[in-house]
Amino acid sequence: VIVGGGLLSGCSGRSDSGSDDAPESAETETTTTEAETYSATMPPVGKLELEEPPSSWVGGLGFTADVLTALGHGNGGVGMIDPEFWYQGFYDFLDGVDAPASDELARVTTEDLDTDLELLYELNPDLMAVDPNLFLTTYGLEEDEVEDVQQDVAPWFGNDSRRGQDDGWTTWPGDDPYPYIPIQEYIRSYGALFGEQERSDALLELYDSFISDIRSRVPQQSDRQSIGLINGRHNPDNEAGWFVYNPNSEIEDAWGKRQYRDLNVVDAFDGAYGGKSGVFVDYEGLLEYDPDVIIFHMGVSFLDFRGTNFIQQQRELLNDHPVGSQLTAVQNDNLYVGGSPYQGPIINMFQTEMAAKQLYPGEYGSYPGFGELSEEEQLFDRQRLSAIINGDV
C-alpha cells in the first residue's frame, strides 16, 4: 500500500453554522492504471494506491456502506462505527441487492464514544472506509493511534462531509482544512479504488439524471408547502423540547440533508436558529412557526429503534396535546417519516423521492406511505438501479 499526501490548500475552515465561506468541492482524482494498481484520491488522506481491490472494510454510520453497496461491495463490510445507524430498508425494494445484516457487523466504538482498538485490530480489514478525523474528534483516538491503524491495520480513505463541523475538527494527516465533497465524488473515488469504474459511471448517469429531473420540477415558491424538520426521537417527554433542524444547509456538497436542498424547501422556522444547525422549541414554539408539513428527521431509523416506534410516539404526543393538536400539519395529517442523514446514492434516491412526494404531491404525486409506491408512482427506475448494483451495466 502506498499512501500519498495530496491535501488541498487554501480552503477555508469548516463551520457548524454552514456559513457562506465554506470551501468549494474538490475534484478527486480516480484512476485504475495499466499495471493493475487501484488508485484514487480523496481529501484529507490524499492519494491511495492498492495492488488489489479491498475485500473487507470498516465504515462509519452508514454512508460509505451505502456507497459500497451501490458499487457491489456491500458484503465486504466487517465493522462500522455503529452499524445500528446503517438503514437498510430501501434495499428490500431492489431485486437481488444484498448487504450484510447490520446486527452481524461489529461495532468498533463503545457506548462511551471511545474506539475499541483491540477489536479493530482483530477485524483486520483491508480498508478503513471512513474519515480518520471523525475518530479523532468524536471517538477518542489520538493521532499516534490513527497512524498506527494506518500502518498496522489498513489505510484510511474517507471524507466526512455530512454536515458542517465546528472549529475543533481536526485535519489529519495535514494541517490545512480540507473541502467537502458531494456524493458523486465518493462514487467516482470508491469506484476507482475497488476497480468498479464501469459500474460507477453507470450509477452516476442514473443518479445525476434523477437529481436533475427532480430539481427541474420543483414548484414555484408560492406553491411550496413550508416544512418543519423535527428530530424523530427527541420530544418534551425525553429532552428539553422538540428539536428542529435547519433543512437548508448552505454547504452545497454536504449530504446529510441533501434532499431538502435539492427540493429547495421553504423552512417554516427560518430565522429561528441563531446561527446554529437547529434549535429546541416547546409546543407553543411549534405553533408560533406552524409548518404546513412536519417531517421527522431520521424517521426511517426511528420507526423501530431498540424496540420502540418513536415516530408513532411523536404523532400521538402532537395529536393528544391541546397546543400540538392546533398545528396545521397535525390537523391536515401531514406528519411524515423522514430520511436518514447517512445517505449514500441508493438511500438518497429513495429519500429524495419520498420527500418530493411528501412536500409537493401536486407535482410529484401523492405519498401513500413508506414503501407503498406502485411502479407507476415511482420517480426513478428501480430495475435499472438493481441491475447496476448487481453488475449488469
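Which residues lie nearest the centre of the largest pocket? They are Arg-162, Arg-163, Tyr-245, Ser-277 and Tyr-342, and the lining of this pocket comprises 48 residues. The model is predicted, so local features need pLDDT of at least 70 and side-chain atom pairs count only at pLDDT 80 or more, whereas totals for chains, interfaces and linings use all residues. Residues are numbered from 1 along each chain as its sequence is written, and side-chain values use heavy atoms, with hydrogens and water left out.

The volume of the largest pocket is about 1,300 Å³. On a 1 Å grid over the protein atoms alone, a pocket is an open set of points with protein on both sides within 12 Å along at least five of seven lines, a cavity is a set of points where a 1.4 Å probe fits but cannot get out, and lining residues have an atom within 4 Å of a point. Grid points are joined across faces, edges and corners, and a volume is the space filled by probe spheres set on the points. At least two lining residues of the largest pocket come from each of α3 (132-138), β10 (242-245) and α7 (258-262). Helices (H or I, at least four residues) and strands (E, at least two) are DSSP runs numbered from the N terminus.

The structure also contains one cavity of 30 Å³ or more. The largest cavity holds about 140 Å³ of space. It is lined by 15 residues, and those closest to its centre are Gly-60, Phe-63, Val-130, Asp-160 and Trp-255.

The largest nonpolar core has 119 residues, and Trp-156, Tyr-190 and Leu-318 have the most contacts inside it. Such a core is a set of buried Ala, Val, Leu, Ile, Met, Phe, Trp, Tyr and Cys residues joined through side-chain atoms within 4.5 Å. Buried means under 20% relative accessible area, exposed means over 50%, and partly exposed lies in between (1.4 Å probe, protein chains only). Helix α5 (residues 183-193) is largely enclosed by the rest of the structure, because ten of its eleven residues are buried. Among these buried residues are Ile-183, Tyr-186, Ile-187, Tyr-190 and Leu-193, together with Gln-184 and Glu-185. Neighbours within four places in sequence aside, Tyr-190 is in contact (heavy atoms within 4.5 Å) with residues including Met-42, Thr-64, Leu-127, Val-130 and Phe-157. Just after α5, Gly-195 adopts a positive phi of about 70°.

Charged pairs form a further theme. Side chains of opposite charge can pair when their charged atoms come close. A salt bridge is a side-chain nitrogen of Lys or Arg within 4 Å of a carboxyl oxygen of Asp or Glu, and the count by this rule is 13. Arg-107 forms a salt bridge with Asp-82, with the closest N and O atoms 3.5 Å apart. Arg-107 belongs to strand β7 (residues 106-107) and Asp-82 to the loop between β6 (77-80) and β7, so the pair ties together parts that are 25 residues apart in sequence. Asp-82 is buried, at a relative accessible area of 7%, whereas Arg-107 is partly exposed at 23%. Arg-107 also forms a salt bridge with Glu-111, where the closest N and O atoms are 3.2 Å apart. Glu-111 is exposed, at 60% relative accessibility.

A further salt bridge joins Glu-363 and Arg-217 (2.8 Å, N to O). This pair links distant parts of the chain, 146 residues apart: Glu-363 lies in helix α13 (residues 361-364) and Arg-217 in the loop between α6 (197-216) and β9 (226-231). Glu-363 is partly exposed at 34% relative accessible area, and Arg-217 is partly exposed at 25%. Residues up to four places away in sequence not counted, Arg-217 touches Glu-363, Tyr-364 and Leu-379. The C-alpha atoms of Arg-217 and Gly-371, 154 residues apart along the chain, are separated by 23 Å. Elsewhere, a network of salt bridges links Arg-215, Glu-252, Arg-258, Arg-261 and Asp-262.

Glu-118 counts as exposed because its relative accessibility is 65%. Its C-alpha atom is separated by 9.0 Å from that of Val-108, ten residues away along the chain.
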